[in-house]
Amino acid sequence: MDNVFKGRSLTVIEDFSIEERRYFFQKVRILKDAIISGDEKTMDEFRINDPDFGIYEVFLEDSTRTKESFRNAAKFHHAKVSELLCSSSSINKGESYADTFNMLSGYSNSIFIVRSKVEGLCRWLDDESELYTKRNNLPFKRAFINAGDGKHEHPTQELLDEFTFLEDNGMNFDSIHVALVGDLYHGRTVHSKADGLKLFNKVKVDLIAPPELAMPENYLEKMRNNGFEVREFASIEDYLQSSDVAKMWYFTRPQLERMGERILQKQEFLRKSITFRKEFIPMLPEGTKFYHPLPRHKEHPTIPTFLDNTSLNGWERQAINGMYCRMVLLSLIAGKIGADFVPTETGKKEDDDEEYIISVPVSTVKKSDKNYSEGVRPITDGIVIDHICRGETPSEIRNHMRLISNVLGLDESKGGEWVSCGSDGSYKGIIFRPGDYTLSRKDLKRLASVAPHCTLNIIKGGKVEAKYRTHMPPRIYNFEDLSCNNEACISHPVNGEGVPAMFHRTPEGTFECAYCGKTHTFKEIWKSRR
Ligand code: NCD
């Protein structure tokens, strides 16, 4: 059996399955105990022990703990540890990330640890590296570890947070009740929790943040879809008035560097609602522990320093655990350990075969006998797209019909668009275009992507020759006029990296960017809409 961890990238926490993470935590437990007790033999079982095995740190954003714990972890392995000095690299001469990282991987480096403001960078590098490896006959593909990408995710922080929670609940996966406090809007460590906490069978999350710093809607939705019980509170004070206060509190820092001027003006007021105060201590349940990914601000810490020497302090051990977790992660990705792991879960469902353009039987009723909506004339040859945006307002429907016409490249000089009102009072749009249209599979996919839940009629010689119903495709990519609308995303055109946009359909029927995870409606993914 192959080692499933060898050469794997960790770009978001979901890249490792729940059972892979549970296996990982067992290994961290073993290595941590071995290091504390000085058990060299066990430590050696984890060590890569190869001075030519290249581990590269590339930190395009500031870091202390993540960078240094990875560096110390890499040194434990007696491997080759390098760092790219970003302020003096050719990235500043306009070189793309793909070129930079491909080059470094050509210099015999196997694992890259990458922090950046650009969201989804590791996912893109992982894709690119595969092609580079093939082009240059390199022996194996490089692995990329996301050490924090903008406001998106921080999967290795998630691993060390989870390990610390497990240490404090006796390594029990049954349930967790945790309060997430602070800047939930900008904090990538709490965003990783939307999938990360799936590790536990039953999850209750209390979110404590003023509206300006509240958890973004897409992560909230993810938590609910993952079956978490979620409650929201605007301040610690409000939370402590509620029943059933959590014993695990995970604080995050207000990320001033990511805030706009408008929010910055209110920083004092916002900070107050998420800063713990002495008078709150008696209101905490017995056995409460506080955690924090750190850093905390020296003048305005949300966990005040007078709590350092109390039993609430879980954050210092949490930061130390970061090194053990990263040692084990490197060992797994290098293939030093992990060969004994046997997966029982089946992989992600392959959705490529799903049919999203359904051919429907053509009605035998002759066109001339039908009642047509006012103004819609039967056409002899052409296409009719019906049921567009059913239930929306006439102006929304008209805007969207313009977009459909644009995206499909329909001839604007002929035919027209119509909004009709059904007997139930709801509106729908109809586009009709006379002409000789032959729609390829790619055209039909574009149609399903921009006009899901519509009907396409192909008219030839006055008869409906074919009729299709469209559904949302599971994936949309390979169209030049698609774009994620998050400017921080690696695939957004403002970043100039030439990354083609790619989206996956979510259970709620939105499209999630494959790089930054931002969700969009089917209308929002097209460049021409903006
Ligand atoms: C966090 C980060 O960079 O996302 N820190 C960390 O990695 N330990 C949190 C933060 O910067 O506030």
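How many helices and strands does the secondary structure of this protein come to? The count is 15 helices and 19 strands. Helices here are DSSP runs of H or I with at least four residues, strands are runs of E with at least two, and both are numbered from the N terminus.

Some ground rules. This is a predicted model, where local features need pLDDT of at least 70 and side-chain atom pairs count only at pLDDT 80 or more, while totals for chains, interfaces and linings use all residues. Residues are numbered from 1 along each chain as its sequence is written, and side-chain values use heavy atoms, with hydrogens and water left out.

Now the whole protein. The C-alpha trace spans about 90 × 60 × 45 Å along its principal axes. There are 530 residues, and 53% of them count as buried. Buried means under 20% relative accessible area, exposed means over 50%, and partly exposed lies in between (1.4 Å probe, protein chains only). Next, contacts, meaning heavy atoms within 4.5 Å. Take those with a separation of 6 or more: residues 24 or more positions apart account for 75% of them.

H6 covers residues 155-168. At 1.5 Å a residue, its 14 residues should span 20 Å, and its end C-alpha atoms are 20 Å apart, so the two agree. The expected span is 1.5 Å times one less than the number of residues. In H6, 13 of the 14 residues are buried, so the rest of the structure largely encloses this helix. Just after H6, Gly170 has a positive phi of about 70°.

H13 covers residues 315-333. Its 19 residues should span 27 Å, and the end C-alpha atoms are 27 Å apart, which agrees. Here 14 of the 19 residues are buried, so H13 is also largely enclosed. Gly335 follows H13, with a positive phi near 85°.

Now a helix pair. How do H14 (residues 394-408) and H15 (residues 441-450) cross? Their axes come within 10 Å and cross at roughly 160°. That makes H14 roughly antiparallel to H15 (the term covers angles over 145 degrees). Which residues of H14 meet H15? They are His400, Leu403, Ile404, Val407 and Leu408, and they meet Asp443, Arg446, Leu447 and Val450.

Last, Ser63. Ser63 sits in the loop between strand S1 (54-59) and helix H3 (65-76). Ser63 is partly exposed, with a relative accessible area of 21%. Gly148 is 85 residues away from Ser63 in sequence, but their C-alpha atoms are 9.7 Å apart in space.

Conventions: Axes fitted to C-alpha atoms, helices over the stretch in contact; angles between N-to-C directions. Parallel < 35°, antiparallel > 145°, perpendicular 65-115°, else oblique.
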